[in-house]
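Open the model in your viewer and keep the selection tool at hand.

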Amino acid sequence: MATVVVAQKAPIFPYAPIALAAALNNPAVAKVEYKNVAALAEHNNATAALTVDGTTLTTISSILRYIVRSHKNTLYGSDPASTSLIDDFIDKSQDIVNTSDFKTLDVIFQQLNHHLTLRSYFVGYKVSVADIALWGALKGNAIFARQLKTGKDLGVYLARWFNHISGQAFVDVALAELAKANGSTKVVKADQGSFDINLIGAEMGKVVTRFPPEPSGYLHIGHAKAALLNKYFADQYNGRLIVRFDDTNPTKEKLEYEHAIKEDLLLIGIDSSVVSYTSDYFDKIYQYALQLIKEGKAYCDTTGQEQMRAERMDGIASQCRDLSVEENLRRFEEMKNATEFGQTCCLRAKISVDNLNKALRDPVIYRCNLIPHARTGDKWKMYPLYDLACPIVDSLEGVTHALRTDEYHDRNPQYQWFLDNLSLRQVHIWEYSRLNFVYTLLSKRKLTWFVDQGRVSGWDDPRFPTVRGIRRRGLTMEALKTYILMQGASTNYITLEWDKLWAVNRKQIDPIAPRHTAVEGLNKVKVTIAGADPYNLKEVPRHKKNETLGDKRTAYGPTIWMDQADCKELELNEEVTLMDWGNAFIRSIEKNAEGIVTGVQAELHLEGDFKKTKKKLTWLADGPELVNVELMDYDYLITKKKIEEDDDLMNLLTPVTEFKTEAIADGNVAELNKGDIIQFERKGYYIVDAVASPNSPARLILIPDGKVASMASKAAPVSQTEQKDAKDAKKKKEKGTSSPASAKDAAAPAVSGKKAKAAAHATAQKPAPTWTGPGPKPEEIVELEAKIDEQGLKVRQLKTDKADADQVKQAVDELLVLKKQLPIRIEALQSLAAAAASAAESL
């Protein structure tokens with residue numbers, strides 16, 4: 001094993017060795033130890049050192065080469081040519097570390113950028129130690145960091161590559177370990193965990209884990225966590241992962257589900273080409289059941305289901321508990337043959353009558369089922385339950401560590417009882433916390449209800465937490481894997497917000513999502529541009545910061561379309577910027593009696609400075625290139641963050657969960673394929689759900705971006721236009737005056753400064769909304785108020801720390817969104833509470 005000692009306070013930190021160790025993900029090959037010093041005095045003040053057989057390596061390049069050469073992996077190339085190229089780039093990374101001269105670094109940066117013009121990685125088609133070496137050198141370079149932040153003097157290809165590598169899961173793991181070593185003063189996020197656990201009895205090369213899904217539904221995000229954790233620990237110890245279908249209930253299982261599970265596992269990087277089945281072991285499980293009966297440790301019970309449930313709850317022994325071995329064997333044979341009497345029986349393990357752990361109160365382990373099995377046909381008329389089959393098959397298949405969610409905690413002693421009483425090879429159990437999200441159901445039974453009731457379109461509905469559902473919503477599988485690995489294998493129970501997951505996703509898609517433009521169809525405004533050339537098309541980049549995405553056609557002309565919401569905020573004679581075109585003056589604004597803008601006259605001013613305008617507006621030239629689109633957005637299926645056992649689901653259903661906005665978009669959208677991810681500028685990221693057909697426009701789904709506004713419940717939905725209206729009304733109320741919209745409006749008398757101040761003061765002094773009942777304050781309101789307090793503290797701290805202006809602005813914007821939600825939710829929930837109280841009184 002190679003141990004790299006790192007000076008964790010080094011002014012130029014050696015990121016590459018810790019990233020490589022995380023990428024190899026094998027403590028037996030490379031381990032990192034941190035020293036709380038700025039330099040390793042015992043090693044000539046080096047920042048990192050590796051000692052092997054009396055020889056000490058202190059340059060980053062030599063440390064990287066030793067580690068990667070001492071372990072079989074794919075990071076060092078697959079042939080001599082690629083290995084030589086990797087060596088060249090490792091040397092180049094050392095050049096970056098060894099100089100602080102701006103001109104020298106600029107030449108290196110340009111060379112690297114040029115090399116990446118048509119490449120995603122420096123060598124080959126996946127991450128190599130060349131990428132790790134260069135990423136580490138650039139990560140620790142202050143000049144590169146400044147250029148990356150400002151976006152100046154740095155090639156787009158190099159920036160794109162750096163952000164891509166920074167988003168890799170192994171980088172997140174490495175930086176998390178560094179933060180832990182530094183004893184970071186930052187508050188550890190509650191939704192982030194660690195893999196720093198001790199797998200009892202784990203030996204390198206001998207660990208076997210398993211992922212045993214039941215083929216009775218589609219994988220959801222909780223299953224994905226289970227699968228990825230099992231794969232993580234199998235890989236960490238150079239072991240293997242078994243994918244096994246727990247097919248013990250022919251009533252629920254379908255071949256459709258099995259195929260879907262295999263496909264979904266492949267999407268998250270788990271090979272399911274070779275799988276096993278619990279049904280492969282039915283004969284052996286049957287023999288073990290006979291063994292239990294013959295040893296007096298199991299009995300056949302004819303007690304009815306309701307009575308059996310009551311007796312187990314009350315600790316009362318079944319009348320069949322003391323039947324003879326012979327009688328139990330006779331009954332079990334009748335169960336096997338599914339005779340009329342046999343079908344009234346079930347087999348129960350004889351563990352305990354009144355154990356405080358009710359899972360041990362003689363659990364049922366075999367039931368009759370006459371439905372033919374998908375793999376064994378009608379050979380069997382009875383099937384083992386999961387609680388019996390799982391420990392037997394785990395032991396027989398060589399599983400060393402069974403990772404189970406904490407919901408199985410009470411049943412783990414039962415698992416152990418079967419191993420002990422059947423004299424099976426022991427299996428270590430490791431518990432981890434189940435993945436739970438706010439406003440989300442992960443119960444297969446409840447999800448099935450939504451499908452059966454037609455409240456969703458299917459198991460891949462964008463509102464569903466299934467792997468297919470969140471993928472259809474626009475979540476990349478790389479983001480899902482990164483997020484789940486961020487959670488670690490903690491046993492801490494927590495209900496997670498969705499924001500972090502979608503923020504990870506945004507980081508993945510932003511550098512590669514082409515930019516497009518859309519205008520809402522409702523009350524869209526025709527704007528006449530004086531000074532514009534006749535209708536024409538020009539080629540412009542699809543993404544200004546990623547030239548590899550190529551160009552798109554953008555139409556220009558004397559007549560354009562703009563959003564009603566944007567036009568309502570225009571003021572006479574103000575200068576605005578038309579994005580990707582230039583500046584223009586607003587010369588007139590026409591409105592109807594309802595205040596809807598019906599037309600705008602503008603004058604092009606291409607000499608204007610876009611840096612001096614407050615409004616940067618999206619637009620579309622009127623012409624044959626335009627296409628119709630449907631923009632879809634969704635809300636949570638339920639209105640309560642955390643479901644309790646006694647909650648009635650019917651009382652928690654969100655009334656409206658699907659929102660459709662008709663819009664027009666630039667003609668390039670017609671070329672998109674299903675599954676393509678884009679950004680409609682100033683609207684958000686979208687994924688193409690359906691391409692246009694002769695009878696329907698293209699349909700695109702809004703991808704949440706992790707920000708507060710996109711993650712809030714839409715129980716009281718408002719369109720973009722309505723949001724702008726509300727903002728405009730608030731602005732007018734605070735100012736005590738109206739913005740001029742036409743010559744006639746401009747001539748209207750303005751409110752005096754004194755009155756305006758009074759109006760603003762009245763608004764500021766308006767008491768915060770409070771819950772007045774009926775009934776106690778709902779949990780949702782309590783949590784929202786707590787979020788407002790927490791965000792307010794964050795804003796004040798940022799201001800105290802004199803943080804970056806953009807960072808402060810984002811925090812303030814999130815606080816304003818939360819404050820805006822509070823009165824809306826209070827009003828909505830008070831109305832519901834009042835209606836419920838009224839209904840109760842009438843009864």
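How many of the 11 residues of helix α7 (residues 156–166) are buried? Select the helix: nine of the 11 are buried, and α7 is mostly covered. Buried means under 20% relative accessible area, exposed means over 50%, and partly exposed lies in between, with a 1.4 Å probe and protein chains only. Helices (H or I, at least four residues) and strands (E, at least two) are DSSP runs, numbered from the N terminus. Among the buried residues of α7 are Y157, R160, W161 and F162.

Before moving on, note that this is a predicted model: local features need pLDDT of at least 70, side-chain atom pairs count only at pLDDT 80 or more, and totals for chains, interfaces and linings use all residues. Residues are numbered from 1 along each chain as its sequence is written, and side-chain values use heavy atoms, with hydrogens and water left out.

**The whole chain**

Of its 843 residues, 48% are buried. A contact is defined as heavy atoms within 4.5 Å. Of the contacts between residues at least 6 apart in sequence, 71% join residues at least 24 apart. The chain exposes about 41200 Å², of which carbon and sulfur atoms supply 52%; the area comes from the Shrake-Rupley method with a 1.4 Å probe.

**The cavities**

The structure holds four cavities of 30 Å³ or more. A cavity is a set of points, on a 1 Å grid over the protein atoms alone, where a 1.4 Å probe fits but cannot get out; lining residues have an atom within 4 Å of a point. Grid points are joined across faces, edges and corners, and the volume is the space filled by probe spheres set on the points.

Select T440, R463, R473, W498 and Y636: of the 22 residues lining the largest cavity, these lie nearest its centre. That cavity has about 270 Å³ of space. Its lining divides into 16 nonpolar, two polar and four charged residues. Here Ala, Val, Leu, Ile, Met, Phe, Trp, Tyr, Cys and Pro count as nonpolar, Asp, Glu, Lys and Arg as charged, and the others, Gly among them, as polar.

The second largest cavity has about 220 Å³ of space. Select T517, T554, W619, L620 and D666, the closest to its centre of the 19 residues that line it. Strands β20 (551–556) and β26 (620–621) each give two or more residues to this lining, and β20 gives the most, with four. The lining of the second largest cavity has seven nonpolar, six polar and six charged residues.

Go to N230 in helix α9 (residues 221–236). N230 is buried, at 1% relative accessible area. Its side chain reaches the backbone oxygen of A226 at 2.8 Å. Beyond residues up to four places away in sequence, N230 touches T209, R210, L241 and L403.

Next, select Q508 in helix α19 (residues 499–509). Q508 is buried, with a relative accessible area of 18%. Show G167 as well: it is 341 residues from Q508 along the chain, yet their C-alpha atoms are separated by 6.9 Å. Setting aside neighbours within four places in sequence, Q508 is in contact with G167, T476, E478, A479 and T482.

Finish at N673, in the loop between β28 (658–665) and β29 (677–680). Is N673 buried or partly exposed? At 49% relative accessibility, N673 counts as partly exposed. Its contacts outside four places in sequence are V688 and V691.

Key. On a 1 Å grid over the protein atoms alone, a cavity is a set of points where a 1.4 Å probe fits but cannot get out, and a pocket is an open set with protein on both sides within 12 Å along at least five of seven lines; lining residues have an atom within 4 Å of a point. A polar contact is a pair of N or O atoms within 3.5 Å; within protein, one must be able to donate a hydrogen and the other to accept it, and residues adjacent in sequence count only if both atoms are side-chain atoms.
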